[in-house]
Structure formats: structure tokens, C-alpha cells
Amino acid sequence: MNLSLAGRVCMITGSSRGIGAAFAESFASEGCHIVINYLKNAEKAEILADKLQKEYGVDCLPIQADVTNENDVKRLISMVIEEFDRIDIVVNNALHSYLFDPTERKWAWEVEWEDYQKQIDGSLKGTYLLNKYAIPHMKDMNFGRIINMTTNLLYRPIVPYHDYNTAKGAVMTYSQNLAADLGRFGITVNCIAPGLVYPTEASKRTKEEVKSVIVAETPLGRIARPEDVTGTALYLASNWARFVTGQTIIVDGGYTMK
Ligand SMILES: NC(=O)c1ccc[n+]([C@@H]2O[C@H](COP(=O)([O-])OP(=O)(O)OC[C@H]3O[C@@H](n4cnc5c(N)ncnc54)[C@H](O)[C@@H]3O)[C@@H](O)[C@H]2O)c1
């Protein structure tokens, strides 16, 4: 299946590691030029950029920026435009450091507003800012793909990470509104909602007993690896998904069915 992604410029937030790095590799393997946004680890981002350039012959630009900081985001977008003169695909993947550890999660009455604020900043504000400054460069191209990361816990909050899940729910609603606004410009906006993806920095502390329960309840019988999520992003970015917008695709091996 030809995805027709070669030559597209794909910007992925928080992509020096974890699911973001898997996205970077899969889009590079389809011939996209990649913007690897990272928060702290320049070395990891540069090593990844180097590898993708060598293996796939695409251009890769690592850029440090805190996506929750408006000035950083403006600088990030101007650097991308200066280098590539276009933005085709945006994947809002960055996650304010959050450790999925059910044994340490807070009860509803223990969650502070600051917990909510951190997650709303990390997930919603970062996604909103990136899109706000990227869209003006996308809207006259008659093509654009925005993919925002949420979670299957929106549909099955068996672990009520109240602050995290609520912020991701807001990202989903925001994405639907954005989709309604941007359809006229040929830009689609969709979300991917994975289940547990292991191992990543965020999920590495998930206990064996928790993983066993998820495996037992997952029709496909295992936990996802970062590479299991990337095909859905490629599909959503491709021409095959040209009439799909405002949707959230669950990628969790059937653990959630709705
Ligand atoms: N791992 C899972 O089980 C899982 C499940 C469902 C959804 N997700 C979603 O997938 C995405 C990636 O998760 P992951 O597990 O790879 O997480 P991760 O913690 O391994 O990676 C997140 C990346 O975001 C970067 N980041 C954090 N704050 C940032 C900021 N302000 N600006 C720029 N970059 C920033 C981090 O430095 C890191 O590189 C997240 O949106 C997460 O909510 C993950």
C-alpha cells in the first residue's frame, strides 16, 4: 500500500524516546522529513536524527522546545519553516512526565488542583500551542494532518488517573472542535488512544501483576510495544485516511471495545 508520504514534513513532539521515537522512525521509513522535538535530552535526539538520516535518507531536525511554553513553540515553528518551508503532519505526542503506576495513583479526594494543572498544561496546552502556531503554515496547502495522543482510559478508566485521564479527555474534545474548523482547509484532525504501551519511560514501572491482568483481558493477548501504535499514525497521515477526521482510534489489542 503506497502511503504517499514521501517528502512530507512531519513534526513529532517529545520524540527523542518512547512512542514518539517510534513515530519518528516509522514516518522516516516512509520518506518523511522529521522534526524531532525534545525537552531535555539533546544527545538522544541527535543520535536518533543521525540514525534516521543514515537509514532512510531523509532530513531530520532535532529541536529543543518546551511545548507548554509559547515562546519556545514560536521558535520551534520558525525553525521548522526556515529549514523546510512547510509543515504537513503534526503529531502531538509529548507527555508531561507521568508514571503509570496503579499502586501509586491518587484517590479522587487526594488529587490536588496542581495535579490537574500539570496534566492540562502538558497534554492540552502543549497540543493547543503547537497547533495554534503550526496551522497558519498548513492551511493554504490543501493538505494537513494533525494527530493528537490520548488514551484508552478515556473509555475504560479501570485505573482512574483522574488528572491524566481528564486532560486527555479534553484533548479529544479539543481535537473534534479543531477537526470541525479545519476540514475546509483539507486538514484532518484525529486522536490515537493506545492502551498500555511498554516499555517507555512513562510505563516502565508498571507492575507485572497489572500487565498480567491487561494481557488476560486483551483479545490479542499481549501488551503493545511502541511500534504497535505507529501504523495507525501512518494510516491517519496517509491519503487513505483523507475522509477520516474528528475520530479517536483505540489501539489496545481489543482491550476496550466501544
Ligand atoms: N506508554 C503508555 O502506556 C501510553 C498509553 C496511552 C497513551 N500514551 C500516550 O503516548 C504519548 C507518549 O507516551 P510515552 O509513554 O512514550 O511517554 P514518555 O514519557 O516515554 O515520552 C514522552 C516524551 O515527551 C517529552 N516531553 C515531556 N514534556 C514535554 C514538553 N513540555 N515539551 C516537549 N516535550 C516534552 C519527554 O521528554 C519525552 O521525550 C503520550 O501522549 C502518552 O499520554 C502512552
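This is a predicted model: local features need pLDDT of at least 70, side-chain atom pairs count only at pLDDT 80 or more; totals for chains, interfaces and linings use all residues.
Two strands count as paired here if DSSP finds at least two bridges between them.

Take E2 and E3. Five bridges join these two strands, which run parallel.

Now the whole sheet. Seven strands make it up, in the order E3-E2-E1-E4-E5-E6-E7, and the sheet is open with parallel pairing. Strand E3, residues 60–64, and strand E7, residues 248–251, are the edges; each has a single partner strand, so one side of each lacks a neighbour in the sheet. On average, neighbouring strands are turned by 20° against each other, direction ignored.

Next, the ligand. There are 30 residues around the ligand, and those that come nearest are Gly14, Gly18, Leu95, Met149 and Thr200. Sorted by class, the shell has twelve nonpolar, 14 polar and four charged residues. At least two shell residues come from each of helix H1 (18–29), strand E2 (33–38) and helix H4 (113–138). H1 gives the most, with three.

Last, helix H5. This helix covers residues 162–182, which is 21 residues; at 1.5 Å a residue the span should be 30 Å, and the end C-alpha atoms are 30 Å apart, so the two agree. Which residues of H5 are buried? They are Asp163, Tyr164, Ala167, Lys168, Val171, Ser175, Leu178 and Leu182. Seen down the axis of H5, the buried residues fall within an arc of 120°, so they line one face of the helix. Thr173, Asn177 and Ala180, on the other side of H5, are exposed.

Notes:
Residues are numbered from 1 along each chain as its sequence is written. A residue is near a molecule or strand if its C-beta atom, placed from the backbone, lies within 6 Å of it. Helices (H or I, at least four residues) and strands (E, at least two) are DSSP runs, numbered from the N terminus. Ala, Val, Leu, Ile, Met, Phe, Trp, Tyr, Cys and Pro count as nonpolar, Asp, Glu, Lys and Arg as charged, and the others, Gly among them, as polar. Axes are lines fitted to C-alpha atoms, for helices over the stretch in contact, and angles run from 0 to 180 degrees between N-to-C directions. The expected span of a helix is 1.5 Å times one less than its number of residues. A residue is buried if 20 or more other C-beta atoms lie within 10 Å of its own, exposed if 12 or fewer, and partly exposed in between; C-beta atoms are placed from the backbone. The arc is that of the directions from the helix axis to the C-beta atoms.
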